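Please look at the sequence and the model first, and then read on.

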Amino acid sequence: MTRSKRTLPPALVRAATVFVLTAGVTASALTTAPMAVADGRGEERPRATDGRKAEPNRAATDRREEPTRAATDGRKGTPGDAATDGRKDTPARTATDRREDTPSRAAALPGRLQATLRGDGRLSVLGLDQDTVSLQVRVLRSRESGVVLGTFDELTWNHIPNTGGWNATWDTVDPVRLPPGTPAGSYPVEIVYRQPGGPELRDTNASVYYSEYTAITSASWDRAYTDYDHRTLTLSGTAETWDPELGRARPAAEGTPVNVTLIDNGNWGHADGAVGADGRFAIPYTPRGAITRTSLDGLPTVPIRKMTYRLTADYDRLRLRPGGEFTVTGRAERLTDDGWKPFTGASVRTSDRGGVRGQGTVAADGTFTYPATAGDLTRTVTTEVKPSPYFQYAGSDGRIIYIPVAATLTHHKITLDPYGTVKARAVLNTPKGCGTPRPLNLQYSPDGKKWSVLRTGATTTACAISIEAPGKPSGYYRFQHPETNQHLELTGPAVHQVRVPTRITSAKLTPARPERGGKLTATGTLQRQVNGGWNAHPGAKLVLSFKARGSDTWRAITTGTAGRTGGYSLKGTVPGDGSWRVETQIAAGYLHTETKVTYVDAR
């Protein structure tokens, strides 16, 4: 088969013919669309072609089931409505032809090929695969006469992916034009073809309906590209109607609708208008981005020139409650031939993974200010100019907006030991975990109202915390977690702790240099604090302790009890050189006290 090597004249473009009835006047409408197919998700996708004279602009309205039916034609008996044509005297029907298909519908018998004249006048053959070696189509005056009205051997392969062979066709490069004076009607088609490794075959079961058609014969854009400031194009051109009986074209009738289907920014679009005087039309169209495909052969795509912008943003609050408000301020500029200028009128938005949190418009001086609402979770918010195909993405200015969560304390315990040390421990329960140490304060208050920090600690990875600090004899203690980016402020229960202070006065050791093995006497007075004053502490137990020179261990030498006035006298044997002290025995409710350590050099 001879494959076409030539290109179409730029002025020759295709259109599917539909008919509309307006005020009793029949006018042909031009509807063009790129090859498309609805996939299983209900989306239309452009057709794929094999590169051999592919037809990227095949009309989307060409559905094969009704080859020559107009896309919106619902009337019966019109020349373009083959499916409802009930005439019995068509040229292609003979007395022995018992097929029940209409003249313009190809025979749909198993193993038979089909042919159809599309709305743009081109002829399509259905039923052959892409590997066909040679293919020629002949339109006959009748099967009986065998007179050939036209022979066509320049065809290209078109296939809609994922739809099976019923949407794969061989199409003539040019519209079918039979000899002038050929009346409209149904004509038999003879298809001569050869498959790889096989003989030449002939199929004579198909027929086509030949009628006038209207096509766009020239079209052009008024701009070679669009940009941010110039987004609207004008599609201008001419349309002609081919009259098969006269064998010539005439300007399309004024008012004939024109619809050019295209793809811009990855979406279907339509340039809709109507033919004016002398078959001319001019249709304004504002694409959503680059026009990458059109349904008109020879009509170029239209790229876009992207603009560069820059933006800075700031946020007045970075830690909020869920749904809290914050203010976004910043500046946006665009790059022009004269340098950076305010990006006046641009839409700016602040968003996170949960959606848009706020938006505003750039003022004349390039600044913007608007309120935004935080989400329910800690997230990074970004501020950017609302995306557009016309922008060269310049990034965004983002910050983390923290939404602290609540935490609780368990295993809570605070005690004041006899030596005046407060010991506190607890476990912090938090949904955020403690991979990062969480700070907690140990606080003190004399009355449970005014608090001060004794010491600050941090949790372990298991969220446990333990703090020790010098305490007060009487007062309240609690844990306090300050508000952070991770947690809300948390205070544990206040624990009241009281221990009575004690002291030893007038302490003395005699003799100053006792003999080794001799006796040493310790005297003094033990007191306790009551209502702010110091009083005798009778009955309290005391211990005389010794630590030998060079040792770190204290051992009791003797014990005794304070008398009625708090006085005591403790006598013990001197082991040798060493240190001596008197101290109180541990007693519930009292703080421990002891004398100053005295070193004694025994003789």
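The chain exposes about 29400 Å², of which carbon and sulfur atoms supply 49%, with areas taken from the Shrake-Rupley method with a 1.4 Å probe, counting for residues only the protein chains shown as cover. This is a predicted model, in which local features need pLDDT of at least 70 and side-chain atom pairs count only at pLDDT 80 or more, while totals for chains, interfaces and linings use all residues. Residues are numbered from 1 along each chain as its sequence is written, and side-chain values use heavy atoms, with hydrogens and water left out.

**Confidence and overall make-up**

The pLDDT, the predictor's confidence in each residue from 0 to 100, averages 82 over the chain, and 80% of the residues score at least 70. It stays under 50 over residues 1–29 and also over residues 31–111. Where pLDDT is low, the predicted coordinates should not be read in detail.

The chain has 46 strands and zero helices, both being DSSP runs numbered from the N terminus (helices H or I, at least four residues; strands E, at least two). Of its 603 residues, 44% count as buried, where buried means under 20% relative accessible area, exposed over 50% and partly exposed in between, with a 1.4 Å probe and protein chains only.

Strand β10 (residues 168–172) is largely enclosed by the rest of the structure, because five of its five residues are buried. A168, W170 and T172 point one way from β10, whereas T169 and D171 point the other way.

| Strand | Bridges to β10 | Sense |
|---|---|---|
| β6 (residues 123–126) | three bridges | antiparallel |
| β9 (residues 155–159) | five bridges | antiparallel |

Within these pairings, V125 stands opposite W170, and H159 stands opposite A168.

**Nonpolar cores**

A nonpolar core is a set of buried Ala, Val, Leu, Ile, Met, Phe, Trp, Tyr and Cys residues joined through side-chain atoms within 4.5 Å. The largest one has 27 residues, of which L123, V125 and I191 touch the most other members, and strand β11 (residues 185–194) gives the most to this core, with four residues. Apart from it lies another core of 25 residues, among them Y315, F343, I401 and I403.

**Strand β19**

Strand β19 (residues 280–285) has a covered face formed by F281, I283 and Y285, and an uncovered one with R280, A282 and P284. Strand β15 (residues 233–243) pairs with β19 in the antiparallel sense over six bridges.

Note on methods. Contact = heavy atoms within 4.5 Å. Pairing = 2+ DSSP bridges.
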